[in-house]
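Hello! Here is the structure I promised to pass on to you. Please open it and keep it beside this email as you read.

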Amino acid sequence: DPALRQQLARALLELGDVYRRVGDPEAALVPIASAVEALDGDDSGAARTIAASGRSARAAALLALGAPGLSAAATEAEEAWQPLLADADSGPTARAALVRLALMQARLALDAPDGLDEAQRQLGRAADLLADSPAADETLADERCGLSIHEGLLQLQREPFEQALATFERAGEALTDELRERRPELVARQLLGVATACSKLRRFGPAEAALAAADEAIRDAVERFPNDITVRRTLASVRLQRATLDVLRRDHPAAIASLGEALAIWRQLFLSNDPVPRDQHAFAVACAQLGNCHLLTRPPAAEPARRSYEEAETVLQRLLDAAPGTVPYLTELGATLNGLAAWENTFGDPAEARAYALRAIDVQQRAYAMRPEALRIRNFLGIHHAQLAFAEQACGDREAALASARKAVAHAPALPGPVRMSVQTAIRCADELAADGHAAAAEAVYAESVRWLRELASAPLRNVAPFLRGSAFAALHQREDFRQLLAEVER
């Protein structure tokens, strides 16, 4: 009986959706495949629509798994939906499904090495499909919001942060009351995008407000859908961004608590599923941030910091072994190796610190070669060279230390952290030169370090004067060029 087979197929697809939502997308593949098989030989419009839905569901499960074959499965589903676009009954359903499939392909491309152009192409396809329907059509609100969120994620990677903020705000405008009620995790993802973009733009007040709203939305989602894998992932991402803002406020104990919550969620997900690369990457970022927080607490927690960095390094190296050349993995591995260099500079062996810093620079240079326009990568190179300069000076190689300090300032002249470290290294080198009787050479290094600070002060930064008056630059406070710089800044 074709009607009964169609009912069976619908029930099997619902069962697959339940498996996917409770965090077992691999189990979802079995009833989804059975649903499609149940319709073999039925060429009616209803059967073709249900079968196409099954192929879309298979692609969604593979996306949740991070499994190979997603692109082929999405293409197969698109081929099933495309002929249904012109059908009066199934056309609107086909349009929504094709948009969702394009967003799946875009999500896959965003995680791939050199995938940003492909992500842009897929998002363009989704936009073209939505352009044919009126903006007032609330049946496609879910897809419009999803498109804007994915466009914002792409812009965050490419770093036009103002555009990303506007895009995430546009996603919020697409959230109807019905959609807010039905998809609270979508509300949280949109607000998380706003908070992340504001944080990148250093607009911390709006970032805090958006993140507080995201936290409220995702906790509502957790209460209603406690086993939903997407909800749990979003909760972990919100806690990670909460920790990022805590670090920027220098509240490291609060950041440690937020990171602990995020890591616990990911560890639980990893127990029930093969870890998805996107989740592994976020987990590694959280581990590295946790290492930084342990290192920056007073007093520093040496062993927990080391363990966190080493866990991050292991995960990121495994990801790069599977997908060499993936820029986000390279960037985070460089940052993690820098953390280990900082650990060695603080607690261990300067020679080990130098080795870690050199590895960090090598990894980050590979990322920079692929994304030379990325300010974040250039800033990381500045940070790594500053860490190397510190280690070189501690190892007794004054010339190498000064050379690395100059590279640090060249890469990140407007970033206080590497400039401070580079100036401190230069001051120690100048002190050594003066002690060895090389007064003219020492004076040249002192003057150069003041020029670095002048370049920093010319950048659009807040609270530069307190930074300059800090004890890190005490050796320069009586110099006329430094006092002139401070007077100019305070005016």
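This is a predicted model: local features need pLDDT of at least 70, side-chain atom pairs count only at pLDDT 80 or more; totals for chains, interfaces and linings use all residues.

Residues are numbered from 1 along each chain as its sequence is written, and side-chain values use heavy atoms, with hydrogens and water left out.

Have a look at helix H18, residues 375-394. Helices here are DSSP runs of H or I with at least four residues, numbered from the N terminus. At 1.5 Å a residue, the 20 residues of H18 should span 28 Å, and the end C-alpha atoms are 29 Å apart, which agrees. (The expected span is 1.5 Å times one less than the number of residues.) Of those 20 residues, 14 are buried, so H18 is largely enclosed by the rest of the structure. Buried means under 20% relative accessible area, exposed over 50%, and partly exposed in between, with a 1.4 Å probe and protein chains only. Just after H18, Gly396 has a positive phi of about 90 degrees.

Now the salt bridges: a side-chain nitrogen of Lys or Arg within 4 Å of a carboxyl oxygen of Asp or Glu. The count comes to 37. One of them joins Asp117 and Arg158, with the closest N and O atoms 2.6 Å apart. This pair links distant parts of the chain, helix H6 and helix H7, 41 residues apart. Asp117 is exposed at 59%, whereas Arg158 is partly exposed at 29%.

Happy exploring!

Methods:
Helices (H or I, at least four residues) and strands (E, at least two) are DSSP runs, numbered from the N terminus.
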